[in-house]
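Please read the following points with the sequence and the model side by side.

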Amino acid sequence: MTEANTEPLIVKNEGPIGVLQLHRPKVLNALNPELMSKLAAAAEAFDEDPEIRCILILGSERAFAAGADIADMAPRSVADMKQRDQFRDWDRLRRIRTPMVAGVSGFALGGGCELAMLCDLAVAADNAKFGQPEVSIGVIPGAGGTQRLARSVGRAMAMDMCLTGRMLDANEALRIGLVSRVLPSEGFEQAMMTVGGEIAKQAPLAVQLAKEAVEAAYETPLEGGIMAERNLFFSCFGTDDQKEGMQAFLEKRKPEWRNR
Ligand code: CO8
């Protein structure tokens, strides 16, 4: 394991799993521009590294992230907000090809909930709390919350969360499909490494193509999505790993991925 331990982000990797741990403990990992810029840069560095097969984004036990940094935003004008273009870093994260998994323990509020939704999947610890409380401080979600909630959990829950700002516990988040699993908070970080390992051991190119295909469901009508999936499926047959994966199955052995 290598680890660079500096505020506001701890970057480490354990074999093929790259870990990005939000680390602003005094403000419950509130997302300020410095943290977002470091997060995007570290995710891009992992994305360039062929040894990294899965990126985990974690917070602390108490908070994944309690939202954008309110102290940083409070005095700003429209012009300030536009000029700073904070969303550039969110857009960089959106372009990461390596699967990104959010491990949410504690609060995931506002931008924290949006960051979890930007990941390809989110797993909750049993103490997790999700919400879009922006209306309680005079704004609305700005990092994709209204759009991703409406697409992933539907209009009714998106409206409920964004208009009331109420918090959901881990089981409600699971029930509405905001997260894919709930795990015990004790030993959560280690359990997240196991989840990352489930992805990291699969054929890397196939995993990236699967991610691309599922993403297409958000961007295209069904017919276009089916065609996108079909073309991505065909392109698997141009990879060494398809030959290796199928041959290994037939020979009853474990595949050795070449990532090409
Ligand atoms: N920003 C800055 N500081 C924060 C934030 C935050 N979002 N959340 C908590 N803190 C700070 C508190 O001010 C406090 O600091 P101090 O110890 O100096 O007083 C410390 O963290 C601990 O917090 P609390 O004492 O409040 O802890 P509690 O356990 O009592 O409450 C809560 C925890 C419920 C999480 C509470 O802190 C809270 O409500 N936080 C704010 C949640 C919120 O409104 N989030 C939405 C922010 S807006 C947003 O995210 C918009 C995103 C869109 C764009 C993103 C890119 C720009």
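1. A residue is taken as near a molecule if one of its heavy atoms lies within 4 Å of it. Of the 25 residues around the ligand, those that come nearest are Arg62, Ala66, Ala68, Ile70 and Gly111. This is a predicted model, in which local features need pLDDT of at least 70 and side-chain atom pairs count only at pLDDT 80 or more, while totals for chains, interfaces and linings use all residues. Residues are numbered from 1 along each chain as its sequence is written, and side-chain values use heavy atoms, with hydrogens and water left out.

2. A backbone N or O atom of alanine 68 is 2.8 Å from a ligand oxygen, and a polar backbone atom of isoleucine 70 is 2.9 Å from a ligand nitrogen. The ligand taken alone exposes 1100 Å², of which the protein buries 65% (accessible areas by the Shrake-Rupley method with a 1.4 Å probe).

3. Helix 10 (residues 204-219) packs against helix 11 (residues 222-236) at an angle of about 170 degrees, and their axes are 9 Å apart (helices are DSSP runs of H or I with at least four residues, numbered from the N terminus; axes are lines fitted to C-alpha atoms over the stretch in contact, and angles run from 0 to 180 degrees between N-to-C directions). The two helices, helix 10 and helix 11, are therefore roughly antiparallel, a term for angles over 145 degrees.

4. Where the helices meet, Leu209, Glu212, Ala213 and Ala216 of helix 10 face Ala228, Leu232, Ser235 and Cys236 of helix 11, contact meaning heavy atoms within 4.5 Å.

Key
Polar contact = N/O pair within 3.5 Å; in protein donor to acceptor, adjacent residues only side chain to side chain. Parallel < 35°, antiparallel > 145°, perpendicular 65-115°, else oblique.
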